[in-house]
Amino acid sequence: MDSQTRITPQDERRLLVVDDDERFCSRLARAMEQRGFAVEQATSVADAVAAARRDPPEYAVVDLRLQDGSGLDVVQALREADENTRIVILTGYGNIATAVAAVKVGATDYLPKPADADQIAAALTVEDGDLPPPPENPMSADRVRWEHIQRVYEQCDRNVSETARRLRMHRRTLQRILAKYAPRD
């Protein structure tokens, strides 16, 4: 690579990834580095706010629910540090109310989990006013449902009765769903 094509520190697209799931955070960071971002990771609101104040990034991907608070607090800190930071909120708890709240505090976009790195990169880099392109191979509705059930099941510490209660479904129906493999896309 010659000096004209080498990425210099001022050319790098600095990205802050905030998620309390350390494995997910690391995987997303690696995927975004492969897409040309210089990534810093944070696994708590406190770490993310400190990173935002220390050196505001150009881009940020923030989980909505973190162990020590809300990702919306991180969005506010990022906006205070640099109003031009492009911020995408990721959440497994997608609903209209949280999407509106995220946009009101300054998020650029809002993506439900599971979102892949290409979707996230497209949401971060899309021009203002444009929508990112639809995914090439979106998950089927059955797969999205299965992923949601698995996520709630894990959050309930693999307690079938509690998961069924929260999902408002019969326990035996849930047990049958959990016994099956993930739907193919």
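Tutor: Buried means under 20% relative accessible area, exposed means over 50%, and partly exposed is in between, computed with a 1.4 Å probe on protein chains only. This is a predicted model, in which local features need pLDDT of at least 70 and side-chain atom pairs count only at pLDDT 80 or more, while totals for chains, interfaces and linings use all residues. Residues are numbered from 1 along each chain as its sequence is written, and side-chain values use heavy atoms, with hydrogens and water left out.

Student: Is D55 buried, exposed or partly exposed?

Tutor: The relative accessible area of D55 is 38%.

Student: Which residue forms a salt bridge with D55?

Tutor: A salt bridge is a side-chain nitrogen of Lys or Arg within 4 Å of a carboxyl oxygen of Asp or Glu. For D55 the closest N and O atoms are 3.3 Å apart, and the partner is R14. R14 lies in strand β1 (residues 13–18) and D55 in the loop between α2 (45–54) and β3 (59–63), so the pair ties together parts that are 41 residues apart in sequence.

Student: How far apart in sequence are the parts tied together by R54 and E40?

Tutor: R54 forms a salt bridge with E40, with 2.5 Å between the closest N and O atoms. R54 lies in helix α2 and E40 in strand β2 (residues 37–42), so the parts that this pair ties together have a sequence separation of 14 residues.

Student: Is R158 buried or exposed, and what is its salt-bridge partner?

Tutor: R158 has a relative accessible area of 52%, so R158 is exposed. The closest N and O atoms of its salt bridge are 2.8 Å apart, and the partner is E154. At 39% relative accessibility, the partly exposed residue here is E154.

Student: Which residues are linked with E162 in a network of salt bridges?

Tutor: E162 is in helix α7 (residues 160–167), and at 22% relative accessibility E162 counts as partly exposed. The side chains of E162 and R166 are also joined by a polar contact of 2.6 Å; a polar contact is a pair of N or O atoms within 3.5 Å, where within protein one must be able to donate a hydrogen and the other to accept it, and residues adjacent in sequence count only if both atoms are side-chain atoms. The residues in the network with E162 are R165 and R166.

Student: At what angle do α7 and α8 pack?

Tutor: Axes are lines fitted to C-alpha atoms, for helices over the stretch in contact, and angles run from 0 to 180 degrees between N-to-C directions. The axes of α7 and helix α8 (residues 171–179) are 9 Å apart, and the angle is about 110°.

Student: Which residues does I177 touch, not counting those up to four places away in sequence?

Tutor: I177 lies in helix α8 and is buried, with a relative accessible area of 13%. Contact means heavy atoms within 4.5 Å. Not counting residues up to four places away in sequence, I177 touches R145, W146, I149 and M169.

Key. Helices (H or I, at least four residues) and strands (E, at least two) are DSSP runs, numbered from the N terminus.
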